[in-house]
Amino acid sequence: MARVYNFSAGPAVLPEEVLKEAAAEMLDYQGSGQSVMEMSHRSKVFDKIIKDAEQDLRDLLNIPDNYKVLFLQGGAHLQFAMIPMNLMKNRVADYIVTGQWAKRAFKEAQKFGDAKCIASSEDKTFSYIPDCSDLPIDENADYVYICENNTIYGTKFKTLPNTKGKDLVADVSSCFLSEPMDVSKYAIIYGGAQKNIGPAGVVIAIIREDLITEDVLPGTPTMLQFKTHADNDSLYNTPPCYGIYICGKVFKWLKKQGGLEVMKERNEKKAAILYDFLDQSKLFKGTVEKNSRSLMNVPFVTGDADLDAKFIKEATEAGFVNLKGHRSVGGMRASIYNAMPIEGVEKLVAFMKKFEEENLK
Ligand SMILES: *Cc1c(COP(=O)(O)O)cnc(C)c1O
C-alpha cells in the first residue's frame with residue numbers, strides 16, 4: 001500500500017490513524033456486530049457516537065453553553081439559503097465578498113431580501129482581505145456575513161470585521177479547527193466537514209441559541225429550519241451517521257494531538273515552510289498579499305501555464321497529488337489541512353526546489 005501526499009482542497013486528507021481505526025471497526029463496531037453504516041440512528045450505540053462527537057467538539061472550541069451544535073446536510077451551499085431563511089427578519093443583510101463561496105452565498109441571499117455587498121476584493125482576483133474596520137453596515141442588517149478562509153484564493157481574515165454590533169455569520173469550512181477561535185464573537189459558525197474535519201456529507205453549524213426560533217421567512221421548509229434540528233439534537237431525520245462517526249474520530253484525534261493551540265502552532269510551522277520557500281524562489285510565487293495569507297490553502301504559480309502543467313504532472317508522478325489550482329486562479333494550490341503531516345510539506349518543498357533547479361533558465 002502506498003499512500004500519496006494529498007494536497008486536495010476538499011474532500012481532503014484525513015489522519016491516517018483515524019482511517020485505520022475506522023477500517024478496524026468496519027465489520028464490528030465495538031462489539032455491536034455491525035458497521036456504523038448499518039446501525040439505527042436511534043440505537044444506543046449511535047447515540048453515544050453523536051453525543052461524544054458533540055462533546056469533543058465543544059471541548060476543542062470551548063463552545064459556550066448558549067450555543068447549539070448541529071450536524072446537518074446539504075453542504076455549505078445549503079447554508080447559503082438556510083442562513084437568510086432563518087435569520088433575515090428585516091430582510092436586510094450585509095455581505096463581505098472575498099471569493100467565490102462568499103459570492104455564491106451573497107447571490108443566494110438576494111433571493112430572500114435586500115442583501116448588500118459592503119466590501120469586496122474581486123478587483124484583484126480576491127487576492128487580499130479588504131479593510132473591514134469601518135464598513136457601511138446597514139442599521140437594519142440582520143447579520144454581517146463572511147467567508148473566513150477563502151479556499152480557492154488562499155486568503156484568511158486575520159481580524160474579524162467590525163460589524164458595529166450586528167451578528168456575525170461565518171463560513172469556516174476550510175479553516176474549521178485549524179486554530180482556536182472565540183465562538184462568542186459569532187452568531188453562527190458553520191462549515192462543510194470535507195475540508196478539515198471529515199468526509200463530505202456533513203455540515204456542522206454552531207449557532208447562538210437566541211437565533212433559533214420559529215420566526216423564519218414564510219414558507220421555509222421544515223428541514224431548513226434550524227429549530228427543527230436543534231429541538232431534535234440533529235436527529236429529526238436520519239443524519240449522515242457514518243460521516244458524523246468519522247468527524248467524531250477526528251475530534252478525538254485532535255484532542256490527542258493536544259488541541260487547537262497545538263494544531264495552530266503546527267499549521268503555522270507547515271505554512272511557513274511553504275511560504276518561506278515561495279518568497280525566495282526564482283521560479284514560483286505566491287498569489288496572495290502577505291498579510292492575508294491562509295494557513296490552509298496556498299496558491300502559487302510559475303507565471304507560465306505550460307510550466308505549471310509540467311510541474312503538476314511531475315509532482316503527481318512523484319506522489320504529490322491534487323496540486324492543480326482552481327480554474328479561476330490557475331497555477332497550483334497546496335491545501336495543507338490539519339491531517340497533512342509536516343514531512344508532506346517538507347518533501348513538497350524539496351521537490352519544488354529540484355524542479356526549480358531543473359527548469360530555471
Ligand atoms: C468547499 C467550500 C464550500 C462549498 O462546500 P459544499 O459542501 O460543496 O457546498 C463553501 N465554502 C467554503 C469556504 C468552502 O471551502
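These entries record what I looked up on the sheet and helices of a predicted model.

**Conventions.** I number residues from 1 along each chain as its sequence is written. I take local features at pLDDT of at least 70 and side-chain atom pairs at pLDDT 80 or more, while totals for chains, interfaces and linings use all residues, and side-chain values use heavy atoms without hydrogens or water.

**Sheet.** I looked up the strand order and found an open, mixed sheet of seven strands, β2-β10-β9-β8-β5-β3-β4. Helices (H or I, at least four residues) and strands (E, at least two) are DSSP runs numbered from the N terminus, and strands pair if DSSP finds at least two bridges between them. β2 runs antiparallel to β10 (residues 203-208), with six bridges between them; I found Val69 bridged to Ile206 of β10.

**Helix on the sheet.** I then turned to α2 (residues 44-61), which packs on the sheet and touches β2 and β10; contact means heavy atoms within 4.5 Å. The direction of α2 makes about 130° with that of β2. Axes are lines fitted to C-alpha atoms, for helices over the stretch in contact, and angles run from 0 to 180 degrees between N-to-C directions.

**Helix pair.** I recorded an angle of about 40° between α2 and α6 (residues 241-257), with axes 9 Å apart. α2 is therefore oblique to α6 (under 35 degrees is roughly parallel, over 145 roughly antiparallel, 65 to 115 roughly perpendicular, the rest oblique). I listed the contact residues, including Phe46 and Ile49 of α2 and Ile244 and Phe251 of α6.
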